[in-house]
Amino acid sequence: MELRQLQYFIEVAEREHVSEAAQHLHVAQSAVSRQIANLEAELGVTLFEREGRNVKLSAVGKLFLTHAKTAMKAIEFAKKQIEEYLDPEKGTVKIGFPTSLASHLMPTVISAFKKEHPNVAFYLRQGSYNYLIDAVKNGEIDLALLGPVPVDHPDVEGHILFTENLSVLLPSDHHLAEKRSLYLGDLRNESFVLFPEGYVLRKVVADACREAGFTPKVASEGEDLDALKGLVIAGMGVTLLPDSSFNETRHGFTVKRSIEAPRVIRTVGIIKPRVRQLSPAERDFYEFVKQFFTVLEQYS
């Protein structure tokens, strides 16, 4: 079995069209067809079923695709590790992050790291909480910063960098804006603007409200922090956001108020795969991030 056969097979499987796969691979269609035929003959199975001009994976083809992708990722990682062992300062780190860490924390950490390792490149991928965990697990990204930090996960290992409070964001003319701090129960009759169902911060807020004895009335939803802040400014409701996300809140239109009880918190940290070893550049970044926040905590 040749590496080229796996590459051609994956390309055809994803495009479901031999000629389109050949164009993308910059080879003749006959070469792709021949390599697929050789692969099927070696395996003794039919990997594709024809549907007019298109092709579809057979049942066994779908099974083989999973293993072929795993094999290609392993080979790509091996090549990457060899390149980085030859020159660790020229590696690439693929790191994921959620929207709640995008505006301040991510730029701060990467900027500090680049001062010490200017030749290390980054591939950044923003995504939802569950996506980031799955992406680290599957090798799509190397590391991820996220909160809350998953504990006892079978596939990823989490390290807590810090714990932060969630605070209330109110329109500046809100009747509760004059209070210096609030109890969460003060918001039981308010309309909320929250992330959609499935977002982890939505669950954090909903769980906290239930602990305070009520279910939040959700008037509007937004998929990023700017959207939620804009909805609060428009008077659509109130929201709870992590304290680290208030760095760019527009003063004059909204006010931030702390919550006395129950305290609403989340952990923020970095995750890595449990099984796969980190490459030199990935390991350098992982250790740098841990040390970076240890020093911050000492001086805070």
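Biologist: How do H2 and H3 stand to each other?
Modeller: This is a predicted model, where local features need pLDDT of at least 70, side-chain atom pairs count only at pLDDT 80 or more, and totals for chains, interfaces and linings use all residues. Numbering starts from 1 along each chain as its sequence is written, and side-chain values use heavy atoms, without hydrogens or water. The axes of helix H2 (residues 18-25) and helix H3 (residues 29-43) come within 8 Å and cross at roughly 110° (axes are lines fitted to C-alpha atoms, for helices over the stretch in contact, with angles from 0 to 180 degrees between N-to-C directions). Angles of 65 to 115 degrees count as roughly perpendicular, under 35 as roughly parallel, over 145 as roughly antiparallel and the rest as oblique, so H2 and H3 are roughly perpendicular.

Biologist: Does H2 pass H3 in a left-handed or a right-handed crossing, and what sets the hand?
Modeller: Helices (H or I, at least four residues) and strands (E, at least two) are DSSP runs, numbered from the N terminus. A crossing is left-handed if the near helix is turned anticlockwise from the far one by less than a right angle, and right-handed if clockwise. For H2 passing H3, the crossing is right-handed.

Biologist: Which residue has a positive phi although it is not a glycine?
Modeller: Look in the loop between H2 and H3. A phi of about 60° belongs there to His26.

Biologist: What is H1 to H2?
Modeller: The axes of helix H1 (residues 3-15) and H2 come within 8 Å and cross at roughly 125°. That crossing is right-handed. The angle therefore makes H1, relative to H2, oblique.

Biologist: How much space lies in the largest cavity?
Modeller: On a 1 Å grid over the protein atoms alone, a cavity is a set of points where a 1.4 Å probe fits but cannot get out, a pocket is an open set with protein on both sides within 12 Å along at least five of seven lines, and lining residues have an atom within 4 Å of a point. Points are joined across faces, edges and corners, and a volume is the space filled by probe spheres set on them. The structure holds 1 cavity of 30 Å³ or more. Its volume is about 40 Å³.

Biologist: Which elements each supply at least two residues of the lining of the largest cavity?
Modeller: The lining consists of Leu194, Phe195, Leu201, Arg202, Val205, Leu228, Thr239, Leu240 and Leu241. By class, that is 7 nonpolar, 1 polar and 1 charged (Ala, Val, Leu, Ile, Met, Phe, Trp, Tyr, Cys and Pro count as nonpolar, Asp, Glu, Lys and Arg as charged, the others, Gly among them, as polar). The elements are helix H7 (200-211) and strand E10 (239-242).

Biologist: Which element gives the largest share of the lining of the largest pocket?
Modeller: The largest pocket holds about 670 Å³ of space. Of its 26 lining residues, the closest to the centre are Lys73, Asn138, Gly139, Glu140 and Arg276. The lining has 9 nonpolar, 4 polar and 13 charged residues. With 8 residues, the largest share comes from H4.

Biologist: Which residue in E11 stands opposite Leu170?
Modeller: Strand E6 (residues 156-171) and strand E11 (residues 254-259) run antiparallel, joined by 4 bridges; strands pair if DSSP finds at least two bridges between them. Opposite Leu170 stands Val255.

Biologist: Which residue in E11 stands opposite Leu182?
Modeller: Strand E7 (residues 181-182) and E11 run parallel, with 2 bridges. Leu182 faces Ile259.

Biologist: What is omega for the cis peptide bond that joins Gly147 and Pro148?
Modeller: Pro148 sits in the loop between strand E5 (143-146) and E6. For this cis bond, omega is about -5°.
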